[in-house]
Amino acid sequence: MDDKSNKLLLVPVLTVLFVMIGYQYICPAGSTSCRFGNGEGFPFSKYPADVKREENEEDASFRFQSKFNFTRDDLERHVDFDIKGNDVIVFLHIQKTGGTTFGRHLVRNIHLERPCDCRSGQKKCTCHRPGKAESWLFSRFSTGWSCGLHADWTELTNCVPTVMNKKLKKDALNKRSFYYITLLRDPVSRYLSEWKHVQRGATWKTALHMCDGRPPTPDELPACYSSEDWTGVTLEEFMACSSNLANNRQTRMLADLSLVGCYNLSSMTEERRAELLLSSAKRNLRRMAFFGLTEFQRKTQFLFERTFGLHFIAAFTQINGTRAAGVTVGTSTRRRIEELNALDMQLYEYARELFLHRVQFCHHQERQEEKKRKRQQRRTMKQQKTSAVRQQEDNGAKDAVGKMEVTGVTEDYSSQVVRW
């Protein structure tokens, strides 16, 4: 009796041991492949863990670390640019940021249904929409300096709609969209490049600097030199002029100057003016359809193409051998340039991080789109295979039914013959 009881107890004990050993074999310690709580990784699950993980990755928010707390809306840049409709790209060209090269890319290097007509000896190209005698691009090399030489954000936003809407029908005005773009550059390099440019005799005396309907007075914007130009100016003289517009040029040209009383420096304290200029420049830059960085030509090309859905014919080239690169300055001089461009230094740090995160986000989106495309291909192939198997099964069933019917008719005929 005792032997029989021991045998009966031995059976469940051995069964439990067998199950435990099998579980350890299938799901070893530390493995994440067996999570039964949510059905992921179950050996016989209908939905494998890798499929669910891919779906979760696709739905999850893009995560990155930033000191500026950029949102997904700040990073996601894709506009439905309708080149055949009424949309316009507006290029805000800041001096010595590589804007001339980029401007030529816009008129000569984009693959278009109707390419810009650039004729030898002419500074401007005709960039008309397909089927319309109307420009889709507002820039130096398409419409010229229609709002003034190197017009800034304050001037362009007040001038461009008026200029571009002159020949447009009233019923189409509300459908017009203006997409502002610009380029930024490392402030010290840009400042040195502008100094060398001015030293060779360049001036922008014909710039309007319009703000709140008027240009600045001579008292609001005193000239740095009394002669025709500033040829031969030394770097020390260039830095010594307090009204030199080279100082913080990028911040000033991207900010809404109406917020600080335009060029009237007595309207508020210097600290308050700087605070408003920088915050306005950051906000306008962030809201622009696109901006690029001179130091990242290939990334600039990639981001532009991704944003507008337009593609360049030839790749951008990174040119580091500029005149500014050939200028050697001491530590104290460099520190002085950074002080004179303190707002630009902060703006560029902000712009650089935003730009690189946008590029990173675009690559993340591309990877997700590629994964989605491959999953769809696998699903389509699986469906086609299943459909083919079912078709074969249906054809086999029909053949079997046909043979049964033929056999039945033959048997009926044979029975009738016997009866006859």
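The protein has 12 helices and 4 strands. Of its 420 residues, 40% are buried. The average pLDDT is 85, and 80% of the residues score at least 70.

**Confidence and overall make-up**

- Where pLDDT is low, the predicted coordinates should not be read in detail.
- Among contacts in the protein with a separation of 6 or more, 70% are between residues 24 or more positions apart.

**Helices α6 and α11**

- Two packed helices are described by the angle between their axes and the distance between the axes.
- Helix α6 covers residues 187-199 and helix α11 covers residues 331-340.
- The axes of α6 and α11 come within 10 Å and cross at roughly 100°.
- An angle of 65 to 115 degrees counts as roughly perpendicular, and α6 and α11 are therefore roughly perpendicular to each other.
- On the α6 side, the residues that meet α11 are V188, Y191 and L192.
- On the α11 side, R334, I337, E338 and L340 meet α6.
- By class, the contact of α6 with α11 has 5 nonpolar and 2 charged residues, and no polar ones.

**Salt bridges**

- Side chains of opposite charge can pair when their charged atoms come close.
- The whole structure contains 17 salt bridges.
- R119 pairs with D117, with the closest N and O atoms 3.2 Å apart.
- D117 has a relative accessible area of 33% and is partly exposed.
- E228 and K205 form a salt bridge in which the closest N and O atoms are 3.5 Å apart.
- Both E228 and K205 lie in the loop between α6 and α7 (235-240), so the pair ties together parts that are 23 residues apart in sequence.
- E228 is exposed, at 63% relative accessible area, whereas K205 is partly exposed, at 49%.
- R214 forms a salt bridge with E220, and the closest N and O atoms are 2.9 Å apart.
- In this pair, R214 is partly exposed at 37% relative accessible area, while E220 counts as buried at 18%.
- Salt bridges that share partners also join R129, E134 and R176 into one network.

- Most residues other than glycine have a negative phi, and most peptide bonds are trans.
- N69 is not a glycine, yet has a positive phi of about 55°.
- The position of N69 is the loop between α2 (49-59) and α3 (72-75).
- N69 is exposed, with 64% relative accessible area.
- N248, also not a glycine, has a positive phi of about 50°.
- The loop between α7 and α8 (249-254) holds N248.
- N248 counts as buried, with a relative accessibility of 16%.

- S139 lies in the loop between β2 (137-138) and α5 (153-164).
- The relative accessibility of S139 is 3%, so this residue counts as buried.
- S139 and F91 are 48 residues apart in sequence, with their C-alpha atoms 5.3 Å apart in space.
- Not counting residues up to four places away in sequence, S139 touches F91 and G144.
- A314 sits in the loop between α10 (297-308) and α11.
- A314 is partly exposed, its relative accessible area being 38%.
- In sequence A314 and I110 are 204 residues apart, and their C-alpha atoms are 8.4 Å apart in space.
- Leaving aside neighbours within four places in sequence, A314 is in contact with N109 and Q301.

Technical notes
Residues numbered from 1 in each chain as written. Heavy atoms only, no water. Axes fitted to C-alpha atoms, helices over the stretch in contact; angles between N-to-C directions. Helix = DSSP H or I, 4+ residues; strand = E, 2+ residues; numbered from the N terminus. Parallel < 35°, antiparallel > 145°, perpendicular 65-115°, else oblique. Contact = heavy atoms within 4.5 Å. Nonpolar A, V, L, I, M, F, W, Y, C, P; charged D, E, K, R; others polar. pLDDT = per-residue confidence, 0-100. Salt bridge = Lys/Arg side-chain N within 4 Å of Asp/Glu carboxyl O. Buried < 20%, exposed > 50% of the residue type's maximum accessible area, 1.4 Å probe, protein only.
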